Amino acid sequence: MLDQLISSLTDGLLLGFVYGVAAMGLTLIWGVMSVINLAHGPVIALGMFGTYLLFTHLGVNPYLAMVPVAGAGLIVGLVIYVIAVHRVINAPHLSSLLATFAVNMIIIGVGTAVFSTSPQNIDYSLGSVEVGFLTFPASRLVGAFGAILVTACLYLFLYFTRPGKAIRAVANNRMASELMGIPSSRVLALSFGLGTMMAAVAGGLIATFFPFTILSGGPYELKSFVICVLGGLGNPLGALVGGLILGGLEGLIPTFMPVSWVPVVEFGLFVLVLLVRPSGLFGAK
Amino acid sequence: MKPWRNPGFWLPLVIVLVWGAVVLLIHQDTMRETAFILLMAVGLASSLNILLGYTGYVSFGHIVFFGLGGYTGFYLLSEQGWPLFAAAIGGGLLSALIAGLVGLAVLRLRGAYFALATIGINEAARAFVSNFEPFGGPTGMFVNFSAYQKYGGPGEALWITFIFLWVTTMVVLLVSYLVKHSRFGLGLLAIREDEDAAMVMGVKAPKAKTITYIISAFFPGVIGTLYFFKNGNVEPGDAFQLHMSIEMLVMVMLGGMGTVMGPLLGAVGYQWLRGYLLTSPIFKDLHLAVAGAMLLLIILFVPAGVVGWVRNHFRRLQKVLE
């Protein structure tokens with residue numbers, strides 16, 4: 001019993017790292033510009049398909065494919081920002097929510113027409129790893145490692161480069177940073193691009209675990225909301241921890257009750273945290 | 001001013017009245033089905049508008065009341081043998097009750113936090129209903145065929161459902177107007193503009209918001225019962241579709257939020273467009289993308305919606321379009 005518990009917990013935690021990356025993208029965008037990006041899910045799905053296309057048609061190793069997928073994700077984010085978000089950045093929340101949702105519909109609509117909704121998978125296995133009594137697919141381990149790597153890069157970027165510092169300045173106070181000569185529009189576009197880049201990378205990593213369709217981004221987008229709220233909206237490190245919590249829960253709950261109850265617990269927790277501590281479990285009051 | 005002298009008051013009502021009467025007179029099944037879907041959209045959009053348009057609170061999960069109310073009404077009707085009228089009211093009342101309880105807690109959140117919470121509630125409700133055995137779990141429920149016998153067979157039952165929906169839609173539009181033009185509604189509009197200032201001026205914001213939430217949740221519950229009775233079955237996937245919530249938002253935005261006429265025009269316009277795109281050979285694969293592009297254009301360039309735009313540009317029509 002304990003063995004099983006530990007092994008499903010480990011499995012969930014490893015998955016949690018990847019959830020964390022997706023959520024980090026969402027929380028970064030929220031933290032910098034107070035926009036909830038409802039186009040996050042489709043971008044995750046695009047990341048999945050990018051990796052899939054590179055792997056099946058060009059034979060690129062799926063992990064190596066993350067690099068071009070990340071680049072494409074950044075560009076997609078910049079385009080979305082310029083077309084849909086920039087005009088409504090100062091409008092009430094409803095406008096930016098609906099604008100990003102419109103982008104969501106466009107991507108899903110075109111994606112469905114191009115890829116159809118039949119499930120695909122990346123046929124690439126790394127075998128499995130055994131640690132003591134634990135056995136899990138090696139792709140989970142590599143995925144978690146990739147997630148940590150991405151987090152580290154984001155941290156280094158935000159704290160030790162000029163554009164990264166500009167992003168933090170704009171997140172802190174847009175007006176003041178503009179007065180200090182930071183071109184805030186460009187910084188906002190860059191942050192949006194980074195956010196969608198994280199989504200695309202997370203999508204690519206998830207694609208190495210599970211089969212997917214163009215609609216698969218939706219559930220991960222919802223998970224990202226839950227994670228962001230757990231970790232505190234706008235707090236990237238909190239997002240990683242929130243991802244681990246959610247992954248851990250997903251690992252543990254099925255050992256106690258039927259799998260179908262997982263979403264009830266997840267979203268119940270989500271609403272509860274929003275009500276009791278809207279700043280997140282680790283945020284300042 | 002007496003309301004019946006104001007065209008803004010009677011115009012939407014007369015449009016729906018005549019529309020339903022024409023459908024009843026022609027008495028054709030396909031026409032009834034089309035009108036049913038359209039009237040349902042009008043009712044849902046208008047009830048969402050009571051919350052969204054007047055208080056400015058964005059509910060992304062308004063469909064949860066459609067689903068929960070529909071489920072309850074369907075259960076009362078099919079398993080407990082209640083008459084349609086009572087079951088629909090029961091569904092609406094349950095929705096209203098849940099809205100009251102949820103609203104007391106969730107309406108403390110503002111802006112995007114509230115929007116996120118409503119998404120969470122919708123997903124939690126769907127997951128819960130999928131696991132709730134009295135409601136049939138993941139497979140849902142089918143109508144007990146004897147339920148139709150009371151109304152003279154399935155054919156007649158569908159017409160009765162339609163009439164009931166028609167009346168409900170008119171009631172929604174009437175309530176929407178009355179709320180907007182009452183002292184209570186003025187308080188809501190003040191909350192929309194600046195909640196803190198409104199509270200300072202003596203608007204009891206928490207109470208007013210909760211009452212509004214309850215009103216706007218009641219009607220989707222009624223409409224849900226009618227819709228699922230018409231369909232003959234109900235299942236979690238159908239009842240809590242997040243994209244239907246969004247479609248309701250699009251309809252309200254298209255027509256113009258905070259107006260009585262807006263949701264009516266927006267709902268009909270959106271459904272018409274959707275039907276056109278779905279059946280046209282060029283766009284049928286891309287209908288979602290085209291609808292998305294349209295939504296984006298509206299938000300970026302005509303945020304007031306059709307009715308809002310007309311009101312801003314033609315002052316004379318302000319009295320006609322409320």
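Reply:

**A close look at A:Val201**

Start with A:Val201 and its partners. Beyond its neighbours within four places in sequence, A:Val201 is in contact with A:Val21, A:Gly47, A:Met66, A:Val69, A:Ala70, A:Gly73 and A:Val150. This is a predicted model.

A:Val201 belongs to the largest nonpolar core, which has 203 residues. It is one of the members that touch the most other members. As a general point, nonpolar side chains in soluble globular proteins tend to be buried together.

Now step back to the chain around A:Val201. Chain A holds 11 helices and 2 strands. From the N terminus on, its elements run α-α-α-α-β-β-α-α-α-α-α-α-α. The radius of gyration of chain A is 19 Å, close to the 19 Å that the globule rule gives for 285 residues, so chain A is as compact as a globular protein of that length. Its C-alpha trace spans about 60 × 45 × 35 Å along the principal axes. Of the 285 residues, 53% count as buried. Take the contacts in chain A between residues at least 6 apart in sequence: 77% of them join residues at least 24 apart.

The two strands deserve a look too. Strand β1 (residues 128-131) and strand β2 (residues 134-137) of chain A pair in the antiparallel sense, over 4 bridges. A:Glu130 stands opposite A:Thr135 in β2(A). The hairpin of β1(A) and β2(A) has 2 residues between the strands. In this hairpin, A:Gly132 takes a positive phi near 60°.

Next comes the contact with chain B. It takes 35 residues from chain A and 35 residues from chain B. On the side of chain A that touches chain B, α4 (93-115), α9 (217-231) and α11 (262-276) each supply at least two residues. The largest share comes from α4(A), with 16 residues. By type, the residues of this side divide into 27 nonpolar, 7 polar and 1 charged.

Chain B can be described in the same terms. It has 15 helices and 2 strands. The radius of gyration of chain B is 19 Å, close to the 20 Å that the globule rule gives for 322 residues, so chain B is as compact as a globular protein of that length. Its C-alpha trace spans about 55 × 45 × 45 Å along the principal axes. Of the 322 residues of chain B, 52% count as buried. Among contacts in chain B between residues at least 6 apart in sequence, 76% join residues at least 24 apart.

End with one residue of chain B. B:Leu277 lies in helix α13 of chain B, residues 261-279. Is B:Leu277 buried or exposed? B:Leu277 is buried, because 20 other C-beta atoms lie within 10 Å, and 20 or more is the cut-off for that label. Leaving out residues up to four places away in sequence, B:Leu277 touches B:Phe283, B:His287, B:Val290 and B:Ala291. Take B:His287 from that list. B:Leu277 and B:His287 are 10 residues apart in sequence, and 5.3 Å apart in space, C-alpha to C-alpha.

Conventions: Residues numbered from 1 in each chain as written. Chains lettered and ligands numbered in written order. Predicted model: local features only at pLDDT ≥ 70, side-chain atom pairs only at ≥ 80, totals over all residues. Contact = placed C-beta atoms within 7 Å. Nonpolar A, V, L, I, M, F, W, Y, C, P; charged D, E, K, R; others polar. Core = buried A, V, L, I, M, F, W, Y, C linked by C-beta atoms within 7 Å. Buried ≥ 20, exposed ≤ 12 C-beta atoms within 10 Å, placed from the backbone. Rg over C-alpha atoms; globule rule 2.2 N^0.38 Å. Pairing = 2+ DSSP bridges.
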